[in-house]
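Subject: Structure handover

Hello,

The structure is pasted in here, and my notes on it follow. Please read them alongside the coordinates.

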Amino acid sequence: MSEKKIISERAYSMNRRNFLSKTSIGLGVASLSSLLGMSFLKAGENEVIKSAINNGIPHFAPKAKRVIYLFQSGGPSQYELFDHKPLLRKMQGQDLPESVRNGQRLTGMTAFQESFPLAGSQFDFKKYGKAGIEMSSILPYTSKIADDICVIRSMYTEAINHDPAITFFQTGSQQPGRPSIGSWLSYGLGSENENLPNFVVLLSRGTGRVAGQPLYSRLWGNGFLHSLHQGVQFRSGKDPVLYLNDPDGMSREGKRRILDKLAELNHQQYEDFGDPEITSRIAQYEMAYKMQTSVPDVMNVENESDATYKMYGPNSTVPGTFAANALLARRLIEKDVRFVQLYHMGWDQHFNLPEAIKKQAEDVDQASAALVMDLKQRGLLDETLVIWGGEFGRTNYSQGKITDNSYGRDHHPRSFSIWMAGGGIKPGMVYGETDEFGYNIIKDPVHVHDFQATMLHLLGIDHERLTYKYQGRRFRLTDVHGHVVNDLLA
Amino acid sequence: MIELLGRLHPLVLHLPIGILALAYILEVYARFSKDSIHKVQSVILLFSGISATVAILTGLLLIRSGDYSGALVNNHKWVAIALGVVTWTLYFLQLSSLKHTYHFMMVSSAVLLGVTGHLGGTITHGEDFLFKKSGPEVRPDIEAAVLYKDIIHPIFEDKCISCHNPSKLKGELDMSEVTALLMGGEDGKVILPENPLESPLWKHINLPLSDDEHMPPDGKDQLTQEDLELIHWWLKSGAKFDRLAKETEGFANYESQLEKYLAPPEVDIFAKVEQPDSSALLKLQSKGYSLYPTHNGSSAVYVNLSGKDDLTKRDIKAFYKIKQNVAHLNLANSGINNEMLNLLSKFKHIRKLELQNTSIGTEGLKKLKDFKYLEILNLYNTKVDSGAIDKLTHFPQLRTVYVGKTDMNPEQLDQLYHLLPRLEVIGDVGTDLFKDAALRSPVIEADSEIFQDSVEISLVLNFKDVDIKYIINDGDTVDYTGPFVIYETSEIKTLAQKEGWKSSEVNSKNFIKKGLDIANINLKNRPHERYSSFAKKVLIDEKVGSDLFSDGAWVGYEGEHASMVLELQEATEVSNVTVGVLEATGSYIFYPKAYEISISEDGKNFKKMVSQDYAIAKGPSQAGRKNMTFNFAPSKAKSIRLDIKSHLVNPEWHAAPGAKNWIFIDEIIIN
C-alpha cells in the first residue's frame, strides 16, 4: 500500500469515525463494559437505519422483504420441465436446422459432434391452474401450485459453462470477484435479526447426478463489500457452522470476557489504522458468539409438526437433503434472515437425461411446492420472494447418441425456464415464449441482468442506485445493464 | 285541500315548541323574581294549547295522506297528542291554585315535548342524523368492491332509503337491508331475481317524472343518468348481492363510472401522515428495537417485534411516540397476549398486523380497535375461534386474513367467505395437496458388509415416533428396538411404519460372513492400470467398494475379460463363491456377461463348477453394486479359478455404442 493510499484511506475512515462517534452509542463513547461488542454492532445497525433515512434505501415501497433462492445448479433442462415442445418429439432424431442454431457457440463437449439430433421430452405435459401453465409429469407437486407461481420461459444468459454462468447469476459478472446477490442485499438493506447472519447458504446433492459439478464458496462471497456481508453456509449434521462451538471446558462467560478484551484491542487497532475491516471483524466475532445459541435453535426441527413433514415430503426428515433445507429456509425466513440461498446440485445431464432428471425433479418438486404453500399459509409469502432456477438451459438436441428412451443434453444459454413466487410477483402466469424448437426466444426475453434488476425492484431497490465504490469505480449488481420487467410485477 | 293542510304540519309544529319554551323560561324567571307572571303565563299557555292542537290536527291529516307510516310515526303521533292534552291541562291548572300539580305537569310537558320533537326529527332526517358516525368513510378500492354493497346500495341510500326504511316504510317497502328489499312492499316484490330487468323497481324509476308512480317522487332528489346506468348494469347481470364489481360481466364499460363510489386503489393514508421524527426512530433503534421507514421519504414505519417472547406493555408503549406512523406491526412469535391487544388501538393507521404463532384468542381480538386501514391480519396458529368472525367484519379495508391452524373449522371459514366476499381467507393448505406422504426406508448401518464372526446392525431413521420392522432371511417380522447382532451370512430387510403415513419401501442389505483365508491371488491378466493398484489386496481386504468406481476399492478391466486364480492356504472343502460387481452405465461400466468358476486340488487340473450367463442392461442406470453368489456341490479345493467375462463394448442404446466398456470387481469371498 502506498503511503498516499494509506493517508487517503485514513482520511476516509476518519469521516466515518466522526460520524460514528457522534451517534449516541457510537464507538467514541463505547464503554469497556460487557456490552462493548454489542455497541459496535448497534453502530452498524444505526448505519442501516441512517441509510434508510438519509440515503434512501429502500428507494421505493418494497413488495418483498426477504428472498429464498432455490438455485438448481447444473442447468435443469427446460424441455423436460416447463417448456413443452411437441415438435421435438415429432422430429425426434432429425438434425437441428442450422437456421435455428444460427451460429450459437457450443461447449467443448458437443462442438465436434457430427450431427445434432433433436430430442423430444420423454415426459408428457399437461396444463395446470387457471392460466393453464404447461408443466411435465415429473413435477406433480409444482404443477399443483400453478396458480401461485410465475413461470418465465424466456430467460437467457451469456455464459455456456457452469462456473461462469452461476457466477454471472449470483454476482452479475462472469468473472469471479464481485459480491453475491445476498451480500448486496445485506449491504443495502441491513439486518433485522442481530442473532443470525443476513445471508445463509444451504447445500444439497442431487440424486440425478451424485458426483455433479462442485460449488465454490466464493459464489456466496462478499467480493469487495465488507466481509460482514458474506454468506454463511449452514451444514447438516452436528456442526452446522464450522468452528463455531467453543472448545470443551470453556464457559460462555469466559468466552464473553475474551471477546470483550479482544474487541478492546481491535478497537485500539482501528483507532490507529482506521481499516473498516477491523470493525467488520469485531462484529463477526460478536455474531459468532450469538450464533452459538441462535444456530442450534434454528436448526432444531424437532418441534415441527407431522403435517409439516408430510408437506415437505419424507426426505425432509433427512438432514442435508433439499427438502430438509427447504424446511430450514422457512425457519430462517421466520427469523428475518434476509436472504436464504439453497443450491441443489446435479442437474447437469449430459447423458442418460430422462432417468436422471426424473430423480432430480423428485428431489426438489414436493419440497419446493411445499415451501411456497407453507409460506403462504403462514402469511409470509406476500413479503418473501421465492426463486427456482438454474444457471442456463439445455440443448434441444442430444449430446451423444439418441435412442428411444435415452439421450443427453448439452448446455444452452439462449433460452431456459425459471419460476418465481410471492414477494410481489404476479402469480399464475407464464412470461415469455420460445420458438417451436425451444431454441430461441421469440417473445419477452429476460436477461440475467433484467432478472436481477427485477428482483432488486421487488425489494424496493433501484438497481442503478445500489452501488459500491471500489477501485475508483461504482459497481452495481447489474453492472451497466438490466431493465426491470414490469410485466412480472403484481 | 286536506293534503295541503297536512303539509302545513312541518310549519305549524314549531309554534307550540317555541311558545312552550317561552312558558318554561317565564316559569324559571318567576322563581327568582318578585314580578308576577301570572297573567302573561295564562295567555302564553292558551296559545300553546291552540298551536299544539293545530299541529296535531295537521299531523293527523298528513298521516291520512298515506305518505307516512311505521312505528316511528305512530309513536310520534301519540306522544304529540299526549303533549296537547298536557298543555291544555296546564292552562287550566294555572288558573286554579294546585301549585304542585301544575309544576309537575310543567315538567311532564317539557319531557313530552322533547320526545315528540326528537321522534319527529328522526322521521324527517333519518335515524342517525343526531348521532351520525363521524370521520372519513373508508371505502374499498376497485379491486375489492362488491357491486351491490359498495355501489348500488349507496345509490339507494342516497336517493331511496330516506323514505323506504324500517321507520318510514313508504309503500311498506324497506330497502335498507337486502332481505327486506327482496321481500318487497305493499304491491309485492320489487326485485325479481329470475328476471331482474322486469323488476317493479326498475319500472318505477323509469316512469316519466309526471307519473304519480315515478320514483323518487317529484320534488325529491332524482336518480342521475349515471345512477340509472349502474342500476341497470346490476340488474342485467342478475341482481347478485355478493359479486365483486370487477368480476361482474361488463365491468370494463362501467369501470370509469365507479370511481366516485370507490376509494382510489391503494389509498395511502401515509401520504397525509407527517414524517416520523428521525431522532425518535434512532432512539427506539438504539434501545434494540427493529424498525425502519418502509421506504425512502415515506411516513409509514415497519415495526418488527417478532420473536420477542418477553414482550411487555412497555415495549408496545415505546412506539406511542410514532403511533401515527406505524403501518406494519409484526408481533409474530412474540409474547403478546389478549390483555395487551387493546394497547394497539393507538396505532390507528395500521395496515398490516401480524399476530401469528402467539397465544392470543378471540377474547383478545375483540379488544382490537376497528382499524380503518387494516388490510392484512395474520392469525395463523393462534387460539381464535368462530367467535372472531364477527369482529373481522369490523375492518372495512381488510383484504387478507390468515386463519390456518386456529380453532375455526372449515364450515366456519366458509361462512366467513359468504359474509365478506372480497376478503381473502387463507386457511391451512396442504391437507389435500400433500396427502400422499410415504415414509423413508430405514438405513441399515453396520461397520462392514463382510464380517469375521459377527456384526452389529443398526436400523436408522431420523424421524420421531416411527415403528421400524425388520426380517432376517425370510424369518419372522421383528420390531426394531435397538442394534442387533448377526452371526451368519444374512439378508436384512426393513421398513418403517407410522400412523397417518404410508409405509416406507423395503430396504435390504446383504451381510456376508468372511470366508476362507485366501493366501494369494494370481491375476492372469492385468486390470486397467488406473484401477489395479494393490489389486491383489483390494479384492480380499474385507472392504466393499462403494457406488463410486473411483473410490480405490475397485479393480477395473476395460474392454477385456478378467481371469484369476485364488489360492487357499490348504485344500479345503468349498461350496460357494461370492463376487461383488458394479454397474454405472453412464461411466461405461456394466455388470459382467458371464461367470465361470473352476476348482482344483493340485492347481493344474481344474474342474468347472459354475458357468452362468447374464444379459446386458437394457437401458441406462445409476451406479449400483451387487454381490453375485454362486453355490455348487461341496468339493475339496486348493485353487479356484475365476473367469469373469465382460460384454467388452457398449450396447447399441448407449450414448457411445460400441465403445469399450468396463467391468469392475471388488471383494471375492470363498466359503
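Asp465(B) counts as exposed, because it has 7 C-beta neighbours inside 10 Å (buried means 20 or more other C-beta atoms within 10 Å of the residue's own, exposed 12 or fewer, partly exposed in between, with C-beta atoms placed from the backbone). This is a predicted model, in which local features need pLDDT of at least 70 and side-chain atom pairs count only at pLDDT 80 or more, while totals for chains, interfaces and linings use all residues. Residues are numbered from 1 along each chain as its sequence is written, and chains are lettered from A and ligands numbered from 1 in the order in which they are written.

Asp465(B) is not a glycine, yet its phi is positive, about 55 degrees. It sits in the loop between S10 and strand S11 (467-472) of chain B. Helices (H or I, at least four residues) and strands (E, at least two) are DSSP runs, numbered from the N terminus.

Leu648(B), also a residue other than glycine, has a positive phi near 70 degrees. Its loop runs between strand S21 (624-645) and strand S22 (662-670) of chain B. Leu648(B) is partly exposed, with 17 other C-beta atoms within 10 Å.

The peptide bond between Met215(B) and Pro216(B) is cis, with omega at about -15 degrees. Pro216(B) belongs to the loop between helix H9 (200-206) and helix H10 (225-236) of chain B. For reference, most residues other than glycine have a negative phi, and most peptide bonds are trans.

A sheet in chain B

Chain B has an open sheet of 3 strands in the order S8-S10-S13, paired antiparallel (two strands pair if DSSP finds at least two bridges between them). S8 (443-446) and S13 (484-486) each have a single partner strand and stand at the edges, so one side of each lacks a neighbour in the sheet. S10 (residues 455-460) is joined to S13(B) by 3 bridges, and Ile457(B) stands opposite Phe484(B) in S13(B).

Contact between the chains

The contact takes 46 residues from chain A and 43 from chain B, where two residues are in contact if their C-beta atoms, placed from the backbone, lie within 7 Å. On the side of chain B that touches chain A, helix H12 (278-286) and strand S1 (290-293) each supply at least two residues. H12(B) gives the most to that side, with 5 residues.

Regards
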